Amino acid sequence: MKFAITGKGGVGKTTLTALLAQAYADNGRDVLAVDADPSPCLAGALGFPDELRQKLKPISEMDELIFERTGARPGTVGGFFTLNPQVDDIPERFSVRHRDVRMLEMGAVDLGGSGCICPESAMLKTLFTHLLFRKDDILLLDMYAGVEHLGRATVDFVDAMLVVVEPTRRSLGTAAQIKKLAADIGLTRLWLVGNKVRNESEAAFLEAETPGLPVLGYLTANLAVQEADRLGIAVYDYVPELRSAAQKMAADLEELLSNI
Ligand SMILES: Nc1ncnc2c1ncn2[C@@H]1O[C@H](COP(=O)(O)OP(=O)(O)OP(=O)(O)O)[C@@H](O)[C@H]1O
Ligand SMILES: [Mg+2]
């Protein structure tokens with residue numbers, strides 16, 4: 001199963017990705033979690049120890065590798081480079097495993113078709129498509145904020161897109177935009193995850209204002225989430241309430257997708 005986690009900036013995409021990754025791994029699943037954010041922080045949310053985090057580097061910043069595979073230096077414009085570089089060895093070579101979650105940092109990926117035609121984007125697009133074609137048991141893509149990256153490649157192959165929202169109109173506005181874009185490109189399996197919900201009235205607000213998307217579940221607002229970040233401990237370990245919520249969502253998602 002392949003999931004893309006999207007939503008407005010700061011709503012909790014990385015927190016949710018880390019929680020689901022560990023929940024599936026603890027269930028014996030083979031998990032690859034991909035950080036596709038220009039400023040990666042998924043490894044921190046997963047509680048990767050420092051020595052493993054040091055081994056992680058976004059593929060987008062691997063200038064030598066990009067040169068070796070595309071035939072051109074990152075940042076060059078014009079000239080020739082291959083649009084279809086070899087990438088099949090990259091997930092194994094550059095991913096790092098901790099507690100049965102394998103993690104790969106990609107860096108910023110522009111998948112929407114806009115943006116530059118340059119070696120690094122050719123490399124990342126090819127890698128992204130490769131990841132979507134692979135037969136990973138569970139692939140979780142922690143996308144960066146906003147909607148502009150939602151190109152065809154994303155939706156053709158993901159089984160579900162999870163849209164994280166807070167109980168604010170602004171984050172619901174982004175969710176509505178994501179829903180529209182997803183509909184434009186034919187992805188219908190979208191679920192909303194409400195995060196930082198403090199009480200029933202906030203949950204009711206989300207339900208009432210949701211842009212017509214089914215709610216998969218809620219994560220309550222809990223100051224221990226930030227505390228976990230400061231301590232370098234995975235939210236999954238530090239906040240039992242959120243761990244249980246994530247375990248339930250992981251199971252519900254499987255159930256929902258098996259019925260489609
Ligand atoms: N349930 C929660 N309760 C309290 N704080 C939370 C909760 N979920 C996330 N946070 C906090 O909100 C902030 C943003 O969370 P996170 O990094 O997961 O969001 P994001 O959507 O991935 O952000 P970005 O768009 O920057 O990638 C972090 O400081 C995190 O600790
Ligand atoms: Mg994030």
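This is a predicted model: local features need pLDDT of at least 70, side-chain atom pairs count only at pLDDT 80 or more; totals for chains, interfaces and linings use all residues.

Q: Why are α4 and α6 called roughly perpendicular to each other?
A: Let's start with the angle: the axes of helix α4 (residues 63–70) and helix α6 (residues 119–133) cross at roughly 85 degrees. Angles of 65 to 115 count as roughly perpendicular, and therefore α4 and α6 get that name.

Q: Which residues of α4 and α6 meet?
A: On the α4 side there are Leu65, Ile66, Arg69 and Thr70, and they meet Pro119, Glu120 and Met123 in α6. Sorted by class, the residues of this contact of α4 with α6 are four nonpolar, one polar and two charged.

Q: What makes α1 roughly perpendicular to α12?
A: Helix α1 (residues 13–26) and helix α12 (residues 240–258) have axes that come within 9 Å and cross at roughly 70 degrees. The range for this label is 65 to 115, so α1 is roughly perpendicular to α12.

Q: Which residues of α1 take part in the contact with α12?
A: They are Leu16, Leu19, Leu20, Ala23 and Tyr24. Their partners in α12 include Leu242, Ala246 and Leu253. The contact of α1 with α12 has 10 nonpolar, one polar and two charged residues.

Q: What makes the pair formed by Lys13 and ligand 1 a polar contact?
A: A polar side-chain atom of Lys13 is 2.7 Å from an oxygen atom of ligand 1. A polar contact is a pair of N or O atoms within 3.5 Å, so this pair qualifies. Lys196 also has a polar side-chain atom 3.0 Å from a ligand 1 oxygen, while Gly12 uses a polar backbone atom, at 2.9 Å.

Q: How much of ligand 1 does the protein bury?
A: Alone, ligand 1 exposes 630 Å², and the protein buries 77% of that.

Conventions. Residues are numbered from 1 along each chain as its sequence is written. Chains are lettered from A and ligands numbered from 1 in the order in which they are written. Side-chain values use heavy atoms; hydrogens and water are left out. Axes are lines fitted to C-alpha atoms, for helices over the stretch in contact, and angles run from 0 to 180 degrees between N-to-C directions. Helices (H or I, at least four residues) and strands (E, at least two) are DSSP runs, numbered from the N terminus. Angles under 35 degrees count as roughly parallel, over 145 as roughly antiparallel, 65 to 115 as roughly perpendicular and the rest as oblique. Contact means heavy atoms within 4.5 Å. Ala, Val, Leu, Ile, Met, Phe, Trp, Tyr, Cys and Pro count as nonpolar, Asp, Glu, Lys and Arg as charged, and the others, Gly among them, as polar. A polar contact is a pair of N or O atoms within 3.5 Å; within protein, one must be able to donate a hydrogen and the other to accept it, and residues adjacent in sequence count only if both atoms are side-chain atoms. Accessible areas come from the Shrake-Rupley method with a 1.4 Å probe; for residues, only the protein chains shown count as cover.
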